[in-house]
Amino acid sequence: MTIPTLTSKDAHFDYVLRLGDDALILAQRLGEWCGHAPALETDLSLANIALDLIGQATMFLGYAGELEGKGNDADKLAFHRDVNQFRNCLLVEQPNGDFGRTIARQYIFSTWQYLLYQQLARSTDPRLAEIAAKALKETTYHAELAAEWVVRLGDGTAESHERVKDGFEWCWRFVDELFSVQPLDPSIVTSGVAVDTATLRAAFDSALATTFAEATLPLPKFPRPVLGGRKGHHSEHLGHLLSDMQFLPRAYPDAVW
Amino acid sequence: MYTTEMSKNPARPAAPSEAPELVAAFEARVANDEFIEPKDWMPEAYRKTLVRQISQHAHSEVVGMLPEGNWISRAPSLRRKAVLLAKVQDEGGHGLYLYSAAETLGTSRDQMIEALHTGKAKYSTIFNYPTLTWADIGAIGWLVDGAAIMNQVPLQRTSYGPYARAMVRVCKEESFHQRQGFEITMKLAAGTPEQKAMAQDALNRWWWPSIMMFGPPDDNSPNTAQSVRWRIKRETNDELRQKFVDVTVPQAEAIGLTVPDPDLKWNEERGHYDYGAIDWDEFWAVVKGEGPVAKERVKARIDAWEKGAWVREAALAHAAKQASRRQKEAANG
Ligand SMILES: [Fe+2]
Ligand SMILES: [Fe+2]
């Protein structure tokens with residue numbers, strides 16, 4: 001298939017990796033809740049989101065492997081890259097913390113991802129447009145579910161209010177990264193392949209204001225951002241996540257599972 | 001089994017205060033293979049036995065999420081990860097249907113969970129064994145879900161309507177799980193020498209606990225007769241166990257694995273496999289809570305429940321606030 005743009009191949013690959021890695025790493029985190037969530041119903045909801053994200057990761061990473069052209073499939077990219085080759089945002093690799101922090105992380109991510117996929121569904125790269133369009137429905141549901149929980153926890157009890165507030169406090173420094181593009185090659189945006197996420201910020205802030213008003217939570221003063229995920233400079237957490245996730249394929253490199 | 005009677009004090013058949021004509025009518029309906037529904041009259045002992053059996057089944061589904069959940073983060077491919085996560089999620093769903101079925105008998109989910117946490121309620125002994133390698137995920141699907149199907153297919157026709165209907169949904173998914181587990185094992189058995197050894201080791205460790213799941217032999221299973229009469233159970237422990245052995249041994253042979261029982265051999269006369277003596281001391285020790293990871297399993301459930309208390313309280317508090325806001329709006333509007 002031909003890509004209808006003049007963007008450099010590396011930048012294109014790098015961009016699709018970001019999309020896949022975001023989904024993969026967050027799915028991995030959500031999977032940690034399985035069997036340990038506050039109630040069976042929440043256990044099932046978190047697993048649902050994780051499953052959707054694994055599906056997205058599989059599609060994006062599979063496509064990334066094709067763009068890279070070195071014969072790597074989605075599994076090869078997921079299980080055989082080292083930490084500095086991952087391109088996910090720092091938000092998704094943050095440890096789960098308590099349910100309040102998990103919901104705060106999910107709310108920020110899914111609200112952003114929903115806005116992103118809305119635009120990406122119109123990408124000039126038909127493959128990306130197709131994946132985003134397909135994933136938009138489930139992402140809408142993730143964003144709604146997370147928003148409902150933010151309201152429930154914010155409005156619920158004094159303890160839940162504090163806990164979800166603390167959860168957001170942990171996450172605010174990673175929000176700016178979501179909206180700064182820093183592509184390898186600016187033409188990936190100008191050609192219409194990638195979404196200029198800076199343009200999504202106003203809609204994100206307005207969604208946040210609506211949810212927080214209903215949740216009786218105070219709007220944040222965003223702290224100095226922590227950046228780096230998009231160029232492979234991660235938190236200390238990601239290496240541990242990968243050593244767990246990648247253990248089998250790395251211990252038995254000749255095996256097929 | 002998920003539903004094996006593990007109580008040493010079986011329920012008494014009829015309380016003296018129960019009107020004999022009601023009991024007789026009930027017994028006749030059951031004997032006639034009619035479904036008993038929540039609003040129907042039923043003997044207290046039937047209700048109690050069912051609550052114990054269904055809640056134990058529900059607990060088994062939920063505790064059963066833990067050994068397999070142990071490998072979600074380490075599944076060796078994206079497809080295996082998704083399939084495993086979906087499987088464990090199914091088990092959680094089974095827990096939900098079953099708690100709901102048990103609730104129709106007048107016991108709340110919270111009460112049942114409390115009984116699990118205090119050790120009053122049991123769950124299947126099988127989940128007190130650890131999952132040490134990826135091959136254990138194959139073995140559990142193949143053997144444990146396989147055994148669960150043997151037990152649960154007849155329960156689709158059990159006498160209590162809500163339980164029977166829950167079993168219909170559950171059984172469909174369990175057959176998927178069994179095939180997926182067998183497929184994992186088959187792939188390992190056909191893989192590298194290390195993978196094949198992993199699969200054999202898993203079969204070695206899971207075989208005996210799996211056939212113990214069906215519960216004590218019939219001559220030492222005090223409740224079987226009554227449960228069969230009440231159509232709460234439709235086949236005896238030994239009948240189900242034999243069925244499982246007969247189906248599973250050829251599957252192991254087909255993929256080149258060896259069932260770890262030197263006494264196992266086909267008995268032409270009986271038309272069944274003969275198998276070696278089961279270590280019932282081990283079974284009863286695990287029932288008593290002495291399984292290798294029993295403490296870890298119960299602790300994980302209690303931790304999840306206690307750490308999640310504030311979330312459940314918040315959801316209730318928010319729902320109550322919303323209801324009162326709606327009331328106020330209605331009054332003002
Ligand atoms: Fe199940
Ligand atoms: Fe199952």
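## The pair of iron ions

The iron ion (ligand 2) and the iron ion (ligand 1) lie 3.4 Å apart, and Glu91(B) coordinates both of them. The pair links distant parts of the chain, with Glu91(B) in helix α4 (residues 78-103) of chain B and Glu174(B) in helix α7 (residues 161-189) of chain B, 83 residues apart; helices here are DSSP runs (H or I) of at least four residues, numbered from the N terminus. Glu91(B) is buried, as is Glu174(B), where buried means under 20% relative accessible area, exposed over 50%, and partly exposed in between, with a 1.4 Å probe and protein chains only.

This is a predicted model, in which local features need pLDDT of at least 70 and side-chain atom pairs count only at pLDDT 80 or more, while totals for chains, interfaces and linings use all residues. Residues are numbered from 1 along each chain as its sequence is written, chains are lettered from A and ligands numbered from 1 in the order in which they are written, and side-chain values use heavy atoms, with hydrogens and water left out.

## Donors at each site

Donors are N, O and S atoms within 2.8 Å of the metal (3.2 Å for Na, K and Ca), and since water is not among the atoms, sites may look incomplete.

The iron ion (ligand 2) is coordinated by Glu91(B) (OE), Asp145(B) (OD), Glu174(B) (OE) and His177(B) (ND1), at 1.9 to 2.2 Å. The spacing of its donors along the chain is E-x53-D-x28-E-x2-H, and with angles of 92 to 153° among the four donor atoms, the site of the iron ion (ligand 2) is irregular.

## Cysteines without a disulfide

Over all chains the structure holds zero disulfides, a disulfide being a pair of cysteine sulfur atoms within 2.5 Å. The sulfur of Cys171(A) is 10 Å from the closest cysteine sulfur, that of Cys89(A), and so is too far away for a bond. Cys171(A) counts as buried, at 0% relative accessibility, and Cys171(B) also counts as buried, at 6%.

## Loop residues with positive phi

Most residues other than glycine have a negative phi. Thr216(A), although not a glycine, has a positive phi of about 55°; Thr216(A) sits in the loop between α10 (201-214) and α11 (236-245) of chain A and is partly exposed, with a relative accessible area of 46%. Arg231(B), which is not a glycine either, has a positive phi of about 60° and is found in the loop between α9 (224-229) and α10 (237-254) of chain B.

Technical notes: Four donors count as tetrahedral if all angles lie between 85 and 135 degrees; four count as square planar and six as octahedral if opposite donors are over 155 degrees apart and all others between 65 and 115; anything else is irregular. Helices (H or I, at least four residues) and strands (E, at least two) are DSSP runs, numbered from the N terminus.
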